[in-house]
Amino acid sequence: MPHSQTSAPRDSRFGVRIARGASPWLLPTVATAALSLVRARRSKRAAAIAVPTTALAAGMLWFFRDPEREITQGRVISPADGVVQSIMPWKDGRTRVAIFMSPLNVHVNRAPLAGTVTSVEHVPGGFVPAFNKESENNERVIWHFDTELGDIEMVQIAGAVARRIVPYLPQGTKVEQGDRIGLIRFGSRVDIYLPEGVEVGVEVGQVTTAGVTRIDRD
């Protein structure tokens, strides 16, 4: 059920699939680079400006890439590219797996299980670095999915650089495992809460790939 699989545009000039929600940052950067390249033929000063603007545009294309993935089979798969920052038992019996996303990671997050989006809640907050304990009070979007394992909670957390979380799906949407569900601009952190009785299959420091790395263990 590819609700979010066809949502991202493809830049045919560069052969890159671009994440939905990247336009406010990407388009002005690419336009500035293109203009500076045109003017570079007439002026040495413009040529000097063209170098950093073109590099920045290339960087933006890299930051907002949205590659296709062959989705792994498993009960719970990683919603984010990044590194497992912490694994913490919760008072209600669940286990929180926190995945830190650097600016170099793919910023598009994916559904950890198939099911129905039962709520999408935006919570305003600060913008301290995601690896800081104070990031618990950062801006976030809290997702709940009704799945075969029951209610699954996933939280997208903004960081010092990421100033906008872009959900792709509204409440009530049915998703397949690995569907694209939203974007955190320039990376940050994604938390997923495994239900009681579900054993964690990753460890702190492990690199994860959204839609590919399995989070639980049989």
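Guide: A residue is called buried when its relative accessible area is under 20%, exposed when that area is over 50%, and partly exposed in between, with a 1.4 Å probe and protein chains only. Strands are DSSP runs of E with at least two residues, and helices are runs of H or I with at least four residues, numbered from the N terminus. This is a predicted model, in which local features need pLDDT of at least 70, side-chain atom pairs count only at pLDDT 80 or more, and totals for chains, interfaces and linings use all residues. Residues are numbered from 1 along each chain as its sequence is written, and side-chain values use heavy atoms, with hydrogens and water left out.

Visitor: What is the mean pLDDT of the protein?

Guide: On the predictor's scale of confidence in each residue, from 0 to 100, the mean is 82, and 72% of the residues reach 70 or more. Over residues 1-15, however, pLDDT stays under 50. Where pLDDT is low, the predicted coordinates should not be read in detail.

Visitor: Why is strand β12 described as largely enclosed?

Guide: Because 6 of the 6 residues of β12 (residues 189-194) are buried, the strand is largely enclosed by the rest of the structure. Both of its faces are covered, with Arg 189, Asp 191 and Tyr 193 buried on one side, and Val 190, Ile 192 and Leu 194 buried on the other. In a regular strand the side chains alternate between the two faces of the sheet.

Visitor: Which residues touch the most other members of the largest nonpolar core?

Guide: A nonpolar core is a set of buried Ala, Val, Leu, Ile, Met, Phe, Trp, Tyr and Cys residues joined through side-chain atoms within 4.5 Å. The largest one has 38 residues, of which Val 97, Trp 143 and Phe 145 touch the most other members. Elements that each supply at least two residues of this core include α2 (44-63), β4, β7 (140-147) and β12.

Visitor: Which residues does Val 97 contact beyond its neighbours within four places in sequence?

Guide: Taking contact as heavy atoms within 4.5 Å, the partners of Val 97 include Val 84, Ser 86, Val 190, Ile 192 and Ile 215.
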